[in-house]
Amino acid sequence: MIEHDGRKRVIITNVSPRVENGQFPIKRISGESVTVEADIFCDGHDEIAALVAYTEKSKKSWTEVPMHHFINDRWQGSFTVENRPVCHYTIHAWIDHFKTWRNALQKKVDAHQDIAVDLLVGVEMIKEAATRAKGTDKKELTDFVKKIKNEKDKALAVSWTLSSELNELMIRYPDRRFATVYEPTLSIRVDRKKALFSTWYELFPRSLGANGTHGTFIDCEKFIPEIAKMGFDVLYFPPIHPIGNAHRKGKNNSLTCTPGDPGSPWAIGSEDGGHKAIHKELGTLDDFRRLVKKANEHGIEIALDIAFQCSPDHPYVKEHPEWFIKRPDGTIQYAENPPKKYEDIVPFNFECDSWQELWNELKSVFEFWIKQGVGIFRVDNPHTKSLNFWEWCINKLYADHPETLFLAEAFTRPKIMQWLAKLGYSQSYTYFTWRYDKWQFTEYLTELTKSDMREYFRPNFWPNTPDILATDLQHAERPAFIKRLILAATLSSNYGVYAPAFESCENTPFPGKEEYLDSEKYEIKDWPPRSESSLVTLMSRVNKIRKENPALQQTNNIEFLNIENDQLLCYLKTAHHHSNAIIVAVNMDSNYTQSGLVDVPVDLLKIGEEQPYMVHDLISDNKYIWKGRFNYIELNPHIIPAHIFRVHTH
């Protein structure tokens with residue numbers, strides 16, 4: 001049993017938002033609001049007052065925001081976070097004796113009871129408040145004491161006592177000696193906007209060379225204006241480090257490596273260096289820094305893949321053999337996920353005796369690349385490394401470099417994915433790639449945006465990755481790719497594509513697997529010139545729509561709309577008090593035309609039941625006049641499988 005001051009009678013419980021009872025922070029970006037709720041009550045019938053108190057790390061004092069009761073002992077208060085990196089908040093609640101007395105006085109007056117003593121009780125409360133007040137407020141409270149105490153006309157004394165002016169003064173100077181303060185203090189991780197809204201373009205820089213030659217950072221630099229023109233603001237590279245020779249994989253992950261096979265970039269480390277070195281065929285560190293600068297000039301950030309695993313040739317293997325698992329035959333254990341074998345990489349042993357030394361070295365890898373100008377990291381398979389390490393590492397880095405963002409590439413069990421997000425990852429890969437029909441998307445987005453996950457899990461939707469060619473894209477035609485593009489780009493405010501495979505509608509799978517045949521992971525690709533069927537123009541259009549409409553720059557604001565056709569998925573997103581409203585309609589059938597009546601929430605959008613209004617399809621530029629709730633939609637996937645409507649109510 002917890003010892004506390006028994007005079008503190010108010011109970012504060014069931015506080016939200018909070019993550020793991022306050023063990024981890026909730027997440028916001030600068031300018032976002034936080035709405036705090038709690039069950040607040042006490043014994044008896046006394047009135048309660050409550051507030052949310054919050055402080056930003058750079059400030060010494062707390063800012064207080066009143067809470068209001070709205071239903072069944074549930075209270076609510078909101079504030080906006082501005083400054084990074086960390087904000088703290090809690091709740092104060094106390095018995096409001098003046099309000100309790102004031103309400104009782106009014107009832108006695110209405111019942112024509114004697115209130116002489118009651119007025120004296122009120123005067124004492126006002127006196128006490130005056131001792132807490134300052135300046136003109138102190139004088140006004142003192143004047144109220146004199147007027148009420150000396151007034152012979154009880155009706156006039158009551159009117160002063162019940163006046164709104166006195167009530168407002170008393171609210172400003174409450175008696176909080178016995179206030180209950182919620183513990184532990186809760187925290188908010190405040191990130192920059194790109195944590196919530198980003199558009200990723202993934203490519204292998206080694207495939208940008210002419211005629212199948214090895215590409216360089218200089219080749220990438222030439223491509224930067226094109227990526228910017230398409231509207232992407234994050235250019236993500238797979239590992240750029242030296243690639244090992246030992247057990248190097250050949251084409252299609254073959255164990256047989258033929259001369260000229262470049263190997264997998266995820267087999268990191270050779271005699272040329274490890275995680276702090278660059279594959280020499282890509283260029284130099286100066287070349288990389290120049291590329292980062294060029295990208296920044298075009299509004300693009302370079303995101304690097306950090307994969308904490310090593311080729312058997314990695315310098316760590318020779319310099320720190322204690323960081324790896326040795327088998328009884330003296331060899332180092334390579335990576336496995338039976339029946340899969342990854343002979344070209346060896347994992348770190350996070351249970352080794354020198355684990356702290358290992359942790360420090362791995363953290364220094366991030367720090368090295370941060371010094372080169374990198375502010376975003378996509379982390380490969382973080383769920384296969386120590387979760388305690390990630391909590392320690394990310395929080396250390398965040399404290400020194402609060403601008404840094406981390407994307408967790410963890411396609412694993414839900415609770416592990418959620419834990420990675422809780423402990424500090426800014427964004428997370430999701431199951432979007434394996435959601436195919438209307439019901440699955442509705443259920444999954446509801447889980448992401450309407451449950452507690454909304455407070456800490458920021459989804460990043462990818463239709464494809466170098467590892468994954470989803471079933472519904474295999475052997476599919478162009479409408480299937482367009483459908484997945486629009487779903488990813490409008491369901492989530494963070495999305496990305498592995499390109500140019502996606503933009504060219506590459507869809508040939510490795511037989512029997514959700515993987516690409518002739519995967520770029522194991523060979524340099526000589527991508528053909530963009531054809532008329534390329535998705536580049538549409539991708540550029542969709543990205544422009546996202547940038548021009550704040551409603552699409554959030555994820556948690558989604559509301560699914562009713563339409564009596566299981567092949568049509570419709571949803572609404574709004575921003576700025578519904579001044580920016582977007583309705584998206586997607587034909588989930590990539591082969592046949594589908595139609596139906598969508599139920600528009602006209603009350604929410606402040607549209608009259610019989611009021612005509614315009615919807616502007618931002619993809620086709622067509623405009624339509626709708627009226628009231630139910631409106632007709634028809635989508636031929638071979639023309640365009642989706643609408644992105646901007647709703648104009650005036």
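**View 1. The lining of the second largest cavity has 5 nonpolar, 1 polar and 4 charged residues.** Here Ala, Val, Leu, Ile, Met, Phe, Trp, Tyr, Cys and Pro count as nonpolar, Asp, Glu, Lys and Arg as charged, and the others, Gly among them, as polar. The lining consists of Tyr498, Ala501, Glu506, Tyr516, Leu517, Asp518, Ser519, Glu520, Lys525 and Trp527, and the volume of this cavity is about 50 Å³. A cavity is a set of points, on a 1 Å grid over the protein atoms alone, where a 1.4 Å probe fits but cannot get out; lining residues have an atom within 4 Å of a point. Grid points are joined across faces, edges and corners, and a volume is the space filled by probe spheres set on the points. Please keep in mind that this is a predicted model, in which local features need pLDDT of at least 70 and side-chain atom pairs count only at pLDDT 80 or more, while totals for chains, interfaces and linings use all residues. Residues are numbered from 1 along each chain as its sequence is written, and side-chain values use heavy atoms, leaving out hydrogens and water.

**View 2. The largest cavity holds about 100 Å³ of space.** Its lining divides into 8 nonpolar, 3 polar and 1 charged residues. Among the residues to look for are Phe204, Pro205, Arg206, His214, His241, His279 and Leu282. Searching the whole structure gives 2 cavities of 30 Å³ or more.

**View 3. Helix α6 (residues 217-229) packs with helix α7 (residues 285-297) at an angle of about 5 degrees, their axes 9 Å apart.** Axes are lines fitted to C-alpha atoms, for helices over the stretch in contact, and angles run from 0 to 180 degrees between N-to-C directions. The two helices, α6 and α7, are therefore roughly parallel (an angle under 35 degrees). From α6, Phe217, Ile218, Cys220, Glu221 and Ile224 take part, meeting Asp287, Phe288, Arg290, Leu291, Lys294 and Ala295 of α7; contact means heavy atoms within 4.5 Å. This contact has 7 nonpolar, no polar and 4 charged residues. Helices (H or I, at least four residues) and strands (E, at least two) are DSSP runs, numbered from the N terminus.

**View 4. An open sheet of 8 strands runs in the order β20-β19-β18-β13-β12-β11-β22-β21, with parallel pairing.** Two strands pair if DSSP finds at least two bridges between them. At the edges stand β20 (427-428) and β21 (460-461), each with a single partner strand, so one side of each has no neighbour in the sheet. Helix α7 packs on the sheet and touches β12 and β13, its direction making about 135 degrees with that of β13.

Key. Parallel < 35°, antiparallel > 145°, perpendicular 65-115°, else oblique. 1 Å grid on protein atoms, 1.4 Å probe; cavity = no way out; pocket = protein on both sides within 12 Å on 5 of 7 lines; lining within 4 Å.
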